[in-house]
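Let's take a friendly walk through this model together.

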Amino acid sequence: MSKPIGPCTACGKTGALYGTRQRVPLVCGFCWRAHVGACANCNAETLLVPTGDCLPSRCERCYRSRTRRCGSCLKTGGRIKVIAKDGEPDLCENCWLGPRTTCVVCGRERRCPTGQKAGTPVCAACIPRRPQICGACDRTDMPFAVVDRTAICWPCHRARQVSTHPPSALDAEHGPTVRAGDLKRPAGWKREYGCHDCGTTHPRYTYGRCDSCVLAAVFDHLTPDAHARRTLAPLREALLGGPRPLSSLKWLRTNPELLIGMGTATIPVDHAALDALPRSRATETFRSQLVATGCLPTRNNYAADFQSWLNSYLVDVAATDHRLHLHEYGTWRLLPRIHQPRDSRPQTYSTFQYAKTRIKAAESFLTWLAKRDTLLAKATQTDVDEFITQNPQLLGAMEPFLRWTTRIRKSRKLVCHKERSDQPKPAITPEERWQLLRRLLHDSSLDMADCVMGAIILTYAAPLTKTLMLRTDDIRITDNDDGIDVYLRLGATELRLPPLLDQLVVQHLRQDRLPHVGAALVTGPWVFPGMRAGQPLSHARALVRLRQLGLHPGPARSRALLHLAARIEAPLLAQALGITPSTAVRWSDLAGRTYSGYVARVVKTAPDSQKMEVSSSARSPRPC
């Protein structure tokens, strides 16, 4: 916003004026900055805001502050911006511990600093703590107490106590009982005692327990409701049976809100309750863990994601009739295709992206018609041709929408056929392909999963979506006299991997392929597991990782297809790579290896009894 121009009320000079609030005189910038004095609120010697003769002069910090004010903290005595909420005493941000309410975990009425907006207030004692440096012994351990404004660990705190307590006896029949509010080190526990629950010696202890036992203790602590604990029992067993309990423990400490909500019966354990929460990565990760362990039923994630995206996208559409058309198009045309893809193909990220681009293209066409005061029912073929001329990139995305509106009689018969181009897609050069492949096979500093993923794309022209959907049963390893043979199945036939690539694939399958962060659950038989339990690596994340290596999947796959099509016959190429015969024939034509030449070579090598049959098949049209 531009400043008003006029005479300054202090010096009389004409220029840009400051202080346009009510009862504030208009002064120039020089007088605004030159007004130095003591603030009437905090007594600080600083630049003051000219508030007029009837109001005391304040600094800009005090003048602009409405919800907070400057003053003295009643606990520390320091001059700082204080918080006054619900009539409570003035405390600074560090000393204020939240409103006094009932904690959903321990059930006690205490000050709860977190969970107010979500309806799950949790006190500070029930929030899982994180390791930090002890102020007394300088070891990294769990904080137990605060002495002289310094956090100290449990051994140091115990050394300060005069009285001692014997260690707690374990219940041999039912095991230790961890109650809500008791998540702390047992009294009298020492490191040489071993784990408090299982008694085993461990190099690291948390709350006096080993990683597996403290994971069970934290999980039970955050799920005090009996019914919720029975419902979430499969998740608990999966976390305890995972290969890295410490990773799961760190994940619970970082994202305890959802588990606390479900463990206290505040949030129901179902998909609808998770859909009602704000969409975030932590929510989807927790949902995938519940689905992978059987706590929630399996559902089509791409269909749910598209439904959620469509509802949020239609909010910004101004016209009511446009929202109705787009909602019907997305719900009755595109959503069933996501639920049941054509030819029983697996549900992939490309299906989700396909639906989004169709909705955006239809909305652009409806907005273009609205600017010309034309309804969809009155649109003509001339309007469609003019729109496509102005937006040629939307030609392919517009065809399904016009076909749908014509079939359900929302418009006249409108068509826009996309002419198939025989020009090859953008591709990298052969030298770039060999250079990338050489780097992936020989550079040991790169991530092995990225090397295998990129090598499969560069060698066999596999789409990124199909590469991410590879399972461990798609790779077969056999022993022979010279070593091992590795076979990969992309289509109807198996492909034997070349020597360097087969060693890389075997090393990748034998290493720990679980994600290094988050709850380490077994993620199913995926060759490239993702962060979400039971699901492969996401398309977006894989795209980012490959581009960081300088490998763009689209152009790299085009060059690999041209290389293979120039050396392999079209029918064999379709069977080996799992592509359609028409696609194989088209790439063979682009590579200069025509289908007619393949028939001639077959007739030349076939026996005399089969030449007549092959010659008759050569006169048939090309497969499509």
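A crossing of two helices is called right-handed if the near helix is turned clockwise from the far one by less than a right angle, and left-handed if it is turned anticlockwise. Keep in mind as we go that this is a predicted model.

With that in hand, look at helix 12 (residues 320-339) and helix 13 (residues 349-371): their crossing is right-handed. The two helices pack at an angle of about 160°, and their axes are 10 Å apart. Since angles over 145 degrees count as roughly antiparallel, helix 12 and helix 13 are therefore roughly antiparallel to each other. On the side of helix 12, the contact is made by residues including His322, Leu326, Tyr329 and Leu334. Helix 13 contributes, among them, Tyr354, Ala355, Ile359, Ala362 and Leu366. Sorted by class, this contact has 10 nonpolar, five polar and three charged residues.

Now for the aromatic rings, where a search of the whole structure finds eight pairs. In one of them, phenylalanine 365 and tryptophan 368 have ring centres 6.5 Å apart and planes at 15°, so the pair is stacked. These two residues are three apart in helix 13, which means that about one helical turn separates them.

Finally, turn to the strands. Strand 1 (residues 5-7) pairs with strand 2 (residues 14-18) in the antiparallel sense, over three bridges. Here glycine 6 stands opposite glycine 15 of strand 2. Strand 2 also pairs with strand 3 (residues 27-28), again in the antiparallel sense, over two bridges. In that pairing, leucine 17 has cysteine 28 in strand 3 as its bridge partner.

How values were computed:
Residues are numbered from 1 along each chain as its sequence is written. This is a predicted model: local features need pLDDT of at least 70, side-chain atom pairs count only at pLDDT 80 or more; totals for chains, interfaces and linings use all residues. Side-chain values use heavy atoms; hydrogens and water are left out. Axes are lines fitted to C-alpha atoms, for helices over the stretch in contact, and angles run from 0 to 180 degrees between N-to-C directions. Helices (H or I, at least four residues) and strands (E, at least two) are DSSP runs, numbered from the N terminus. Angles under 35 degrees count as roughly parallel, over 145 as roughly antiparallel, 65 to 115 as roughly perpendicular and the rest as oblique. Contact means heavy atoms within 4.5 Å. Ala, Val, Leu, Ile, Met, Phe, Trp, Tyr, Cys and Pro count as nonpolar, Asp, Glu, Lys and Arg as charged, and the others, Gly among them, as polar. Two strands pair if DSSP finds at least two bridges between them. Rings of Phe, Tyr and Trp (its six-membered ring) pair if their centres lie within 6.5 Å; planes under 30 degrees apart count as stacked, over 60 as edge-to-face and the rest as tilted.
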